[in-house]
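The report below describes the model shown here, going from whole chains to single residues.

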Amino acid sequence: MAQITVREAISQALREEMRVNPDIILLGEEIGVWGGTYAVTRGFYDEFGPERVRDTPIAEGVIAGAAIGAAMGGLRPVAELMTINFALLAMDMIANHAAKLHYMFGGQFTVPVIFRSPGGGGRQLGATHSQTLDVLFAHFPGLRVVAPGTPYDSKGMLKAALRQDDPVMFIEHATLYQQRGEVPTHDYIVPLDKAEVKREGEHVTIVTYSKMLQVSLQAARQLAREGIDVEVVDLRSLRPLDMEPVYESFKKTNRAVIVEEGWGSYGVGAEIAARIASDCFDYMDAPIKRVAQWEVPAPYSHDLEQLAIPDVPRIVEAVKEVL
Amino acid sequence: MKKTDHLKYYHQMVLIRRLEEKAQELYQLGKIGGFLHLYIGQEAVATGISAAMAEHDHVITTYRDHGIALTQNMDPGVVLAELLGKQTGCSKGKGGSMHLADTDLHFWGGHAVVGAHLPLATGLATAFKYKKKPDRIVCMFGDGATNIGYFHEAINLSKVWQLPILWLCENNQYGMGTSIDRASAVSDIRNKADGYRMRNADVDGMDVLAVKQAVTRGLNHITKHGEPYFLEVITYRYLGHSMGDPERYRESAEITRWKEDDPIGKYRKYLLEKAIAKEAELDKVEDDVEVEIINAVTFAEQSAMPSDEALWEHIYTNPASNKQGVLF
């Protein structure tokens, strides 16, 4: 095992797969000569060259579209959309095309394209550079939408994505790249459609993913010091959604708090809460609580911005509310 | 050019015309649903394109795709079956009129979001070039698509990456109900390619041999110079944008004028005047097409609708995933 960051994990997955599969090409803004604005592809241009590591113009529509077309044509392209905010410019390509072409043409061709894009806020980048838009992509049948929260899952899921034929929205997080964790030195993959218990506990179930997984684990450690034992279930995949570990946990604890960085209304939590309430009704001992970003566009000023984003105190308070 | 080629082109244009007329009929009978965008008047364009393409070439187009489907050798019965939503349709009834395709025939489909297939074309061309194949792709689109963001992003990227694409604008003078001069700062569409320093040309789209020649020239340029090419094909659709279009945006006198240039009539006249074919031979082609259409309709009408389970097929490539995690 080795201790590496999420950034290194994603980088390793790409590099290792590119070394054995010449059909994998990368495209995106500043991924080549610059090395990636989050440094994920540093060194790739020198190792793999401009045919496989393609700097594109600032043109999300054709970045996504060229990736989809190249996938149709037999390659395995990985398109980086610099942040998930800009992925909105490619929404028609992702939602109307990548997700549907296989279906619309009766399965004549596959679209093995991966869109990598980091979301998340908290760095004073303003309203159009700070969003968590995961739920928008999770809405579309035909897409796989994953959002790993650890180095282990990041590497394993990206490798899994590169070895299968469906289009994948691989959601990263701007402030998770530094997160450290254990990763095996041997080759491994993590399934793209399985949630996982990251911390076992007895009193309350926290359902979460991505950056909020790490914040929730911090909250869990603090709660443990107060004698409250929470179980943390990491969704890892938003589509398809794996509710089995969530239900198993809820049947044990009878209380749930869902933690997400996206805005609360119409968010991922809304879906999870509805499913728990519908499928585990007899096991409910308290209303299901959602902790989510307050519904404001992100402001620039530091303390103001932090007010809106879920933090350890808010999660702790929510857990106590359902007890 | 061989006589057999001439007869083939004549056959293809007549086949398109009759199939489109039959589709119109079936739509009015309620057997075809959704939107139906007919190619009547533009037959010479698809025919000329397919005639010019080499076996290793590809084509992708808009929702007005019945013509190129036929000229790329899709069976007319399979086309009609798709229009009727049958499981024997080229897209298994999942696509309909706007989404015909057959990748074995190098036909990458009809696409319904205006301009969206242009970026897809850049991707296909990127794959061909990356794999060092001689393949080129003809990307057909209308005048209306030349104002959307995708057009500019895709054309630009094709030039920067030197992609083997023949950008082919079927300028039928209208984007849906809006004439070019009301929509576009530049109505000589080929001049838009100048903005990207791309070699460009235009051609009379009512003349099948001229279209073939122009496309051939364009494809040769792509191979010789390793760069994309832009061809504006000037044509006209005799019917509305789609069925149900009340055509308030154009005068019937204009339609009449363009009908004098009917591509099939023009070609028939040419073949007879040049003594390439005899009247009887051309009449026989038309008779053969009548039979083909009857057979196509029979096949389509006798085919089965998709099963209920087909609703869930091809969402993902692994069938086990199709219903995974969904809400019922």
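Predicted model: local features only at pLDDT ≥ 70, side-chain atom pairs only at ≥ 80, totals over all residues.

## Overall form of chain A

Residues are numbered from 1 along each chain as its sequence is written, chains are lettered from A and ligands numbered from 1 in the order in which they are written, and side-chain values use heavy atoms, with hydrogens and water left out.

Along the principal axes, the C-alpha atoms of chain A fill a box of roughly 55 × 45 × 40 Å. The chain has 13 helices and 14 strands, where helices (H or I, at least four residues) and strands (E, at least two) are DSSP runs numbered from the N terminus.

Of the 323 residues of chain A, 64% count as buried; buried means under 20% relative accessible area, exposed means over 50%, and partly exposed lies in between, with a 1.4 Å probe and protein chains only. The accessible surface of the chain comes to about 11800 Å², and 53% of this belongs to carbon and sulfur atoms; the areas come from the Shrake-Rupley method with a 1.4 Å probe, and for residues only the protein chains shown count as cover.

Among contacts (heavy atoms within 4.5 Å) between residues of chain A at least 6 apart in sequence, 82% join residues at least 24 apart. The 31 positive and 43 negative charges of chain A have mean positions 2 Å apart; Lys and Arg count as positive and Asp and Glu as negative, with His and the chain ends not counted, and each charge is placed at NZ of Lys, CZ of Arg, CG of Asp or CD of Glu.

## Overall form of chain B

For the 328 residues of chain B, a compact globule would have a radius of gyration near 20 Å, and the value of 20 Å for this chain agrees. Its C-alpha atoms fill a box of roughly 60 × 50 × 40 Å along the principal axes, and its secondary structure comes to twelve helices and eight strands.

In chain B, 56% of the 328 residues count as buried, and the accessible surface is about 13700 Å², of which 50% belongs to carbon and sulfur atoms. Residues 24 or more positions apart account for 73% of the contacts in chain B with a separation of 6 or more, and the mean positions of its 37 positive and 44 negative charges are 5 Å apart.

## Helix α4 of chain B

Helix α4 of chain B, residues 76-83, is mostly covered, with seven of its eight residues buried: B:P76, B:G77, B:V79, B:L80, B:A81, B:E82 and B:L83. These buried residues pack against α1, α3 (66-71) and α12 (279-302) of chain B.

At the N-terminal end, B:D75 caps α4(B) through a side-chain oxygen that lies 2.6 Å from the backbone nitrogen of B:G77. Just after the helix, B:G85 takes a positive phi of about 80°.

## Two buried residues of chain B

B:H37 lies in the loop between α1 (3-28) and α2 (43-52) of chain B and counts as buried because its relative accessibility is 3%. Its side chain makes a polar contact with the side chain of B:H241 at 3.5 Å; such a contact is a pair of N or O atoms within 3.5 Å, of which, within protein, one must be able to donate a hydrogen and the other to accept it, and residues adjacent in sequence count only if both atoms are side-chain atoms. Not counting residues up to four places away in sequence, B:H37 touches residues including B:E20, B:Y63, B:R64 and B:H66.

B:P119 lies in helix α5 (residues 117-130) of chain B and is buried, with a relative accessible area of 0%. Leaving aside neighbours within four places in sequence, B:P119 is in contact with A:G61, A:V62, A:G65, A:A66 and A:M93 of chain A, as well as with B:Y150 and B:A154.

## Backbone features

The peptide bond from A:R239 to A:P240 is cis, with omega near -5°, and A:P240 lies in the loop between β12 (237-239) and α10 (244-253) of chain A. In chain B, B:Q173 has a positive phi near 80° although it is a residue other than glycine, and this residue lies in the loop between β4 (165-171) and β5 (174-175).

Definitions and conventions. Rg over C-alpha atoms; globule rule 2.2 N^0.38 Å.
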